[in-house]
Structure formats: structure tokens, C-alpha cells
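Subject: Structure handover

Hello,

Here is the structure I promised to pass on. Please open it and keep it beside this email while you read.

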Amino acid sequence: MKKTVAFALILLLMLPMAVLAEGTDWKTYTHPVMGYQISHPADWTVITPERGEELIAFAQSAELEGIDPSLLADDPEYDGENLVTLTSPRGDLGVNISYEDLGVSLSPQLITEVICPMMAGEMQSVFTNAEIITEAALVKMGQIEYAVTIMRYQIMGMDATLILTYCMEGNILYTISYTILTAFSTDETGSVMDQISVSFVP
């Protein structure tokens with residue numbers, strides 16, 4: 001859960017850096033440890049674990065409307081090494097990629113029945129007015145079948161849509177979450193998100 005919270009905070013902290021820019025070229029990010037790959041528009045910002053930890057530390061000292069501050073306290077179980085964030089220059093869309101070794105492989109159906117409801121419940125305990133707008137379901141994106149939940153919430157007075165997607169590779173559970181800030185979204189936002197989803201290679 002802390003990874004999801006951290007991503008929402010990183011996205012908000014990056015908004016002052018957003019500029020109106022349109023990029024047609026794409027780049028591929030490769031994780032240095034796990035080797036997974038995901039593509040993104042070339043003008044996006046890639047926040048590596050080191051940078052993410054700096055932003056989270058800043059957020060811990062700030063008062064953010066719509067979030068329980070106790071959730072930002074230092075957590076010895078939180079390992080920022082597996083958190084990578086991609087943010088668009090407009091601030092309309094952000095993507096968070098994280099992974100966890102569960103020690104066992106779960107079927108997509110089991111992820112839908114167990115992981116999705118658990119994470120949705122945790123999100124509802126964190127964010128103001130969080131609600132599920134699409135129940136957990138299996139969705140094929142490219143070559144991967146994801147378990148997907150779609151939620152809506154508010155943070156710092158802004159409406160946001162959170163799309164949580166999960167897939168397994170061996171014993172590794174990958175979580176790719178997409179946060180769409182309504183005030184900044186355009187007709188292109190969904191198209192870019194779809195292209196990013198299809199590009200992921202665990």
C-alpha cells in the first residue's frame with residue numbers, strides 16, 4: 001500500500017514541474033535489477049528509486065489534504081528499491097511500477113479475488129472519498145492478462161482516477177498503477193495509457 005500512496009504523492013509533487021509539451025517519440029525503461037521493460041513518451045520524467053525516496057521524505061514533512069499523515073511515517077518494511085514512477089509533462093497521467101516476491105505464483109483469477117479487493121480496501125482507508133467504480137476483472141493487454149480494479153478518489157482537492165493492474169511472472173507480483181488527474185487529462189491520456197500498458201514486458 002505504501003507504494004501506491006507514495007506514487008500519488010510523487011505525482012502531486014511533480015505538478016509544479018509540468019510544462020505543456022507534446023512528444024511523439026518513445027523510450028524504453030529497463031529496470032536494472034529485475035530487467036522488466038516498459039515504454040513511455042520521450043518527454044516524460046522517470047523517477048528512479050533514489051529520487052522517489054527524496055520526494056517521499058519531503059512529503060513526510062508536509063501537510064497534504066486528503067491523506068492520513070500517519071501513513072507517511074517511516075516504515076522499516078517499506079523498500080523503495082522496487083518503486084519506479086513515470087510522469088507526463090502535463091501532469092495528466094502518472095504510472096507507478098513496483099514488484100514483490102510472494103514466494104508463490106498466483107493465478108490471475110486468484111489475484112482478482114484476493115489481491116484486488118485487499119488493495120482497494122486499503123486505498124479506501126487512505127484517500128478521501130475513495131470509491132470503486134469498476135470491480136476487479138481480468139483484462140488482456142498485449143500478451144499479458146492483468147487483474148484490474150478502477151477507483152476514483154480525491155487528494156489535495158483534486159479528482160483522480162486510479163487504475164490498479166496486477167500480473168505475475170513466476171513468484172513475482174507486478175503492480176502497475178495509473179493515476180489520471182481529471183483536471184489535466186485530455187483525449188490523448190487514455191491512448192497513451194493503453195500504449196504503455198501493452199509495452200510492459202516482465
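First, the rule for aromatic pairs: rings of Phe, Tyr and Trp pair if their centres lie within 6.5 Å. Planes under 30 degrees apart count as stacked, those over 60 as edge-to-face, and the rest as tilted. Please note that this is a predicted model.

**Aromatic rings**

By that rule, the count is 5 aromatic pairs. Take Tyr99 and Tyr174. Their ring centres are 6.3 Å apart. The planes stand at 55 degrees, and the pair is tilted. Tyr99 belongs to strand S5 (residues 93–101) and Tyr174 to strand S9 (residues 172–181), so this contact ties together parts that are 75 residues apart in sequence. Both Tyr99 and Tyr174 are buried.

Tyr174 has another partner, Phe200. Here the geometry is edge-to-face, with 5.4 Å centre to centre and 70 degrees between the planes. This pair also links distant parts of the chain. Tyr174 sits in S9, while Phe200 sits in the segment after H4, 26 residues apart.

Now the wider group. Tyr29, Tyr36, Tyr99, Tyr174 and Phe200 make up one aromatic cluster.

**Helix H4**

H4 covers residues 188–199, which is 12 residues. From first C-alpha to last, the helix reaches 17 Å, close to the 16 Å expected at 1.5 Å a residue. Which of its residues are buried? They are Thr189, Val192, Met193, Ile196, Ser197 and Ser199. Why do they share one side of H4? They cover an arc of only 165 degrees around the axis, which puts them on the same side.

Thr179 and Met193 are 14 residues apart in sequence. In space, they are 9.8 Å apart, C-alpha to C-alpha.

Strand S7 (residues 144–155) pairs with strand S8 (residues 158–169). The sense is antiparallel, over 9 bridges. Ile155 stands opposite Met158 in S8. The hairpin has 2 residues between the strands. Met156 takes a positive phi there, near 55 degrees.

Best wishes

Methods
Residues are numbered from 1 along each chain as its sequence is written. This is a predicted model: local features need pLDDT of at least 70, side-chain atom pairs count only at pLDDT 80 or more; totals for chains, interfaces and linings use all residues. Side-chain values use heavy atoms; hydrogens and water are left out. Helices (H or I, at least four residues) and strands (E, at least two) are DSSP runs, numbered from the N terminus. The expected span of a helix is 1.5 Å times one less than its number of residues. Buried means under 20% relative accessible area, exposed over 50%, partly exposed in between (1.4 Å probe, protein chains only). The arc is that of the directions from the helix axis to the C-beta atoms. Rings of Phe, Tyr and Trp (its six-membered ring) pair if their centres lie within 6.5 Å; planes under 30 degrees apart count as stacked, over 60 as edge-to-face and the rest as tilted. Two strands pair if DSSP finds at least two bridges between them.
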